[in-house]
Amino acid sequence: MEIELEIVNLDKPQTQGEAFSLVLQEKGGNRFVPVVIGLNEARALLMAANSVELPRPLTHDLILQAVEELGGQVVKVCIVGHKAGIYFTEITIQRNGESYYLDSRLSDAAVIAFKCGLPILIEASLFDEISYSTNNKRNTEDEEAFAKYFQGATQNDDDEMASLYYECLNGTKVPMNLSKATDKQLQILLEDALERENYELAAEIDKEVKSRQENGK
């Protein structure tokens with residue numbers, strides 16, 4: 001038996017470094033699992049959620065394009081194992097009546113599932129072992145980590161999730177929806193993106209700047 005999970009929160013945890021906490025909650029239930037994902041995967045999820053279109057495909061788009069060109073289709077994403085804080089996820093691809101199974105990081109699998117409109121599934125017995133609840137902890141292995149993730153999960157309401165932003169190295173916060181950013185914010189974010197060698201984001205900013213120039217804004 002498998003349980004369907006929903007993404008209910010994506011936020012920067014209270015730790016140093018470019019990591020984000022992804023909270024997956026049982027559909028129709030109160031149990032959830034917190035997952036740490038990298039900046040690139042977090043950006044990919046947030047851009048997909050906000051329908052941000054890029055001039056060139058990102059890694060996950062390229063993977064899906066390759067699967068499609070080869071006549072395949074992603075049909076299932078399922079968490080099948082967990083060990084020492086690492087989630088083992090399986091992506092199922094069907095092609096010519098046959099099924100192929102790809103081992104994947106949960107962060108990458110979550111992006112692919114989101115882009116394909118698929119739920120993230122998890123084996124029921126595994127979920128019983130590793131999930132948390134708003135009423136009690138299913139797993140007390142790492143209470144400190146739980147507290148950090150739980151605080152992030154409960155403090156972010158819908159209004160906050162609608163106000164996603166990039167945080168620059170100098171502390172400046174810039175709306176992830178670049179159309180809502182000021183010209184000054186775009187300039188700061190562009191310098192930040194170039195310093196981090198994040199050329200994909202730099203291209204997005206350049207596109208927004210040129211669009212404003214063309215429209216006389």
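This is a predicted model: local features need pLDDT of at least 70, side-chain atom pairs count only at pLDDT 80 or more; totals for chains, interfaces and linings use all residues.
Helix α3 itself is largely enclosed by the rest of the structure, because eight of its 11 residues are buried. These are L106, S107, D108, A109, A110, V111, I112 and A113.

S107 belongs to α3. Its relative accessible area is 8%, so S107 counts as buried, the cut-off being under 20%. Beyond its neighbours within four places in sequence, S107 is in contact with I37 and E41. The C-alpha atoms of S107 and L22 lie 8.6 Å apart, although 85 residues separate the pair in sequence.

A109 is also found in α3. Its relative accessible area is 0%, and the residue is therefore buried.

Helix α3 packs against α2. Two packed helices are described by the angle between their axes and the distance between the axes. For α2 (residues 59–69) and α3 (residues 106–116), the axes come within 10 Å and cross at roughly 60 degrees. The crossing is right-handed. On the α2 side, the contact involves H60, D61, I63 and L64. On the α3 side, it involves D108, V111, I112, K115 and C116. By class, the contact has five nonpolar, one polar and three charged residues.

The burial pattern of α2 is one-sided. H60, L64 and V67 are the buried residues of α2. Seen down the helix axis, they fall within an arc of 60 degrees, so they line one face of α2. An α-helix has 3.6 residues a turn, so residues three or four places apart point the same way. On the other side of α2, T59 and E69 are exposed. The cover over the buried residues of α2 includes α3, together with α1 (39–49), β4 (73–83) and β5 (86–95). Two of the buried residues, H60 and L64, also take part in the contact with α3.

Helix α7 (residues 183–195) was examined for length and for burial. At 1.5 Å a residue, its 13 residues should span 18 Å. The end C-alpha atoms are 19 Å apart, which agrees with that expectation. Q185, L186, I188, L189, D192 and A193 are the buried residues of α7. They cover an arc of only 165 degrees around the axis, which puts them on the same side of the helix. The face turned away from this buried side carries the exposed residues D183, K184 and E195.

These helices belong to a protein chain with eight helices and 10 strands. Of its 217 residues, 39% count as buried. Contacts between residues at least 6 apart in sequence were also classified by separation. Among them, 48% join residues at least 24 apart.

Conventions: Residues are numbered from 1 along each chain as its sequence is written. Side-chain values use heavy atoms; hydrogens and water are left out. Helices (H or I, at least four residues) and strands (E, at least two) are DSSP runs, numbered from the N terminus. The expected span of a helix is 1.5 Å times one less than its number of residues. Buried means under 20% relative accessible area, exposed over 50%, partly exposed in between (1.4 Å probe, protein chains only). The arc is that of the directions from the helix axis to the C-beta atoms. Axes are lines fitted to C-alpha atoms, for helices over the stretch in contact, and angles run from 0 to 180 degrees between N-to-C directions. A crossing is left-handed if the near helix is turned anticlockwise from the far one by less than a right angle, and right-handed if clockwise. Contact means heavy atoms within 4.5 Å. Ala, Val, Leu, Ile, Met, Phe, Trp, Tyr, Cys and Pro count as nonpolar, Asp, Glu, Lys and Arg as charged, and the others, Gly among them, as polar.
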